[in-house]
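Let us walk through this structure together, one piece at a time. Keep the 3D view open beside the text and turn it as you read.

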Amino acid sequence: MTAAVELIGAHKSYGTVEALRGVDIAIQPGEVVAMLGPNGAGKTTSISLMLGLRKPTRGQARLFGIDPGDRRARSRTGVMLQESGVPSSLTVREVIDLFRAYYPQPAPTAEALRRSGLEEQAGMQTGKLSGGQRQRLYYALAICGDPELLFLDEPTVGMDVESRRAFLASIKEFAATAKTVVLTTHYLEEADELAQRVVVIDHGVVIADASPREIKSRVAGKRVSFTTEQPLSPEALAGLPHSRIEIDGLRVRLLSNEPEAVLGALFRRGVHLHDLEVVGADLEEAFLTLTSRAAASEEVPVS
Amino acid sequence: MSVAVAPALPMLVAQTRAQLLNYIRIPAFSLTSLALPLVFYTFFGLPNAGKHFPDGTSVGLYLMCSFGAYAVSSVMVFSFGIGVANQRGLKLDLLQRATPLPPAVAILAQVIMAALFAVVALVVLMLYVVVVGGVRFPVQTGLEIIGLLLVGALPLIGMGMAIGYASGPNAAPAIANLIYLPMAFASGMFVPVGDLPDFIQKIAKYLPTYHYAQLAYTPVHHADEALQWALLWSAVWTVILFAAAIRAYRRDALRKFS
């Protein structure tokens with residue numbers, strides 16, 4: 001079976017900046033894949049190559065086995081970009097009808113309106129939409145051609161909690177019809193909720209490619225910080241499940257997936273600690289564990 | 001069996017329709033391109049509408065050609081210049097680039113839209129000249145003026161595109177006005193070239209807008225140069241201005257899409 005999307009040894013440089021440094025990804029029809037990574041990691045560049053919006057400096061990009069810029073590939077693909085615009089004086093319905101004309105077998109306008117939750121705004125000029133409504137319009141434009149493959153670049157940016165929930169449900173509905181979805185996100189929860197597969201990108205390379213569950217088990221979930229009475233020697237933590245320890249005088253900060261085990265062991269080893277704080281690590285921190293681990297062991301990403 | 005790509009003609013119709021609606025709904029474009037030629041004709045044309053040149057040509061008719069050329073050229077320069085800059089400012093080009101819409105269809109739709117608008121602007125001006133100015137001319141002459149002004153508009157589309165791809169949405173209106181308005185003036189669209197200072201007359205002969213106005217004067221037998229010369233000059237300017245437009249387009253595309 002031909003992969004729906006493929007990057008083969010893709011490199012991309014902007015001047016002297018290397019945005020992608022050899023990325024291999026193959027996405028099969030029907031897969032829902034989340035590309036996860038911090039800002040500037042190379043997610044949007046990857047999507048741009050997959051769509052043929054940009055050309056790889058080295059390596060190849062393929063869409064349905066052909067050149068991504070080919071109209072036949074584009075006609076099977078719907079796209080929601082981070083940076084895009086529509087004529088501001090046209091109404092939501094008019095813009096959707098315009099985009100439907102670009103595709104060989106478009107979905108009915110009413111369906112695009114329903115699935116994007118824009119039925120009430122159908123007659124509104126696009127310039128008057130709120131940020132979240134605008135995002136939903138871009139989603140409607142991405143699905144109105146009834147594509148087999150959907151690209152969503154940071155789709156929930158600018159949405160409130162309520163619309164984000166409705167929006168994720170709509171993407172699930174789309175994915176359930178055996179369509180292929182590629183989305184980029186900052187949020188591990190979002191990737192977890194939607195995707196069967198998560199590709200983590202950082203500094204232009206794929207550092208992990210696995211199920212959301214596996215990824216979650218590999219990134220540190222909690223940040224633990226506490227103060228000790230005596231300076232803590234690193235040996236006191238030997239063999240405990242933690243990473244990225246920072247000792248600043250008496251203050252200790254570390255990341256761990258099993259804070260209970262770490263703290264229990266410290267108590268048993270007779271370490272007295274106070275001002276204890278255990279908080280969920282943010283994604284930035286979680287990525288740091290993945291990145292540092294990848295750098296430390298040069299391990300081949302699991303796929 | 002599914003069809004691989006959407007048919008081009010319905011796509012072109014939809015794209016043209018969207019462009020037209022957008023243009024009509026932005027009064028800064030639509031209203032000025034329809035009303036300004038009438039306003040200028042009222043100032044410069046109506047007071048002289050009943051007069052005749054020594055050779056018998058109606059001054060009112062001659063000035064209708066002048067402001068007709070002004071009307072169409074401003075539609076072209078502004079709809080492409082400001083229009084393209086706005087599309088780039090709104091990042092419309094980014095999303096459109098990712099769709100199956102062929103760039104040629106997008107450009108053709110914009111050309112058709114501008115041409116339709118130009119025809120409307122010309123017909124409105126002609127009706128005004130006939131009804132208010134009391135000037136009479138054969139329908140055939142009117143059709144010839146419209147036809148020549150459409151054919152000759154190609155270099156002005158190139159000029160508009162060059163401005164649109166080279167400048168941002170905020171700068172484009174100013175740049176378009178600064179380049180085009182003095183050109184239109186020097187080319188005799190407001191005051192006949194013969195009444196302009198000598199040095200302007202000398203420069204005028206090289207301007208695309210001058211030869212464009214000459215095209216409009218041909219059907220009323222009051223052009224300074226033969227039709228084939230005006231057409232040849234237009235062709236040369238088409239090549240130059242489209243080369244500039246393509247250069248600006250490539251530079252913009254290189255930044256975004258390479």
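This is a predicted model: local features need pLDDT of at least 70, side-chain atom pairs count only at pLDDT 80 or more; totals for chains, interfaces and linings use all residues.

**A helix across a sheet**

Residues are numbered from 1 along each chain as its sequence is written, while chains are lettered from A and ligands numbered from 1 in the order in which they are written.

Helices (H or I, at least four residues) and strands (E, at least two) are DSSP runs, numbered from the N terminus. Lying across means touching: two residues are in contact if their C-beta atoms, placed from the backbone, lie within 7 Å. For angles, axes are lines fitted to C-alpha atoms, for helices over the stretch in contact, and the values run from 0 to 180 degrees between N-to-C directions.

Two strands count as paired if DSSP finds at least two bridges between them. Strand E10 (residues 222-228) of chain A is joined to E12(A) by six bridges and runs antiparallel to it; A:Ser225 stands opposite A:Arg253 in E12(A).

How many bridges pair strand E11 (residues 243-248) of chain A with strand E12 (residues 251-256) of chain A? There are four, in the antiparallel sense, and A:Ser243 stands opposite A:Leu255 in E12(A). E11(A) and E12(A) form a hairpin with two residues between them, and A:Gly249 in the turn has a positive phi of about 65 degrees.

Chain A also has an open sheet of three strands, in the order E2-E1-E4 with antiparallel pairing. Strand E2 (17-27) and strand E4 (58-63) of chain A stand at its edges, each with a single partner strand, so one side of each is left without a neighbour in the sheet. Strand E1 (residues 5-14) of chain A pairs with E4(A) in the antiparallel sense over five bridges, and the bridge partner of A:Val5 in E4(A) is A:Leu63. Helix H1 (residues 43-51) of chain A packs on this sheet, touching E1, E2 and E4 of chain A, and its direction makes about 120 degrees with that of E1(A).

Let us turn to the other chain. Chain B has 11 helices and zero strands. Its radius of gyration, taken over C-alpha atoms, is 19 Å, close to the 18 Å that the globule rule (2.2 Å times the number of residues to the power 0.38) gives for 258 residues, so chain B is as compact as a globular protein of that length.

Finally, see where the chains meet. The contact takes 27 residues from chain A and 27 residues from chain B. On the side of chain A that touches chain B, helix H2 (71-74) and helix H3 (92-100) of chain A are the elements that give two or more residues. H3(A) gives the most, with four residues.
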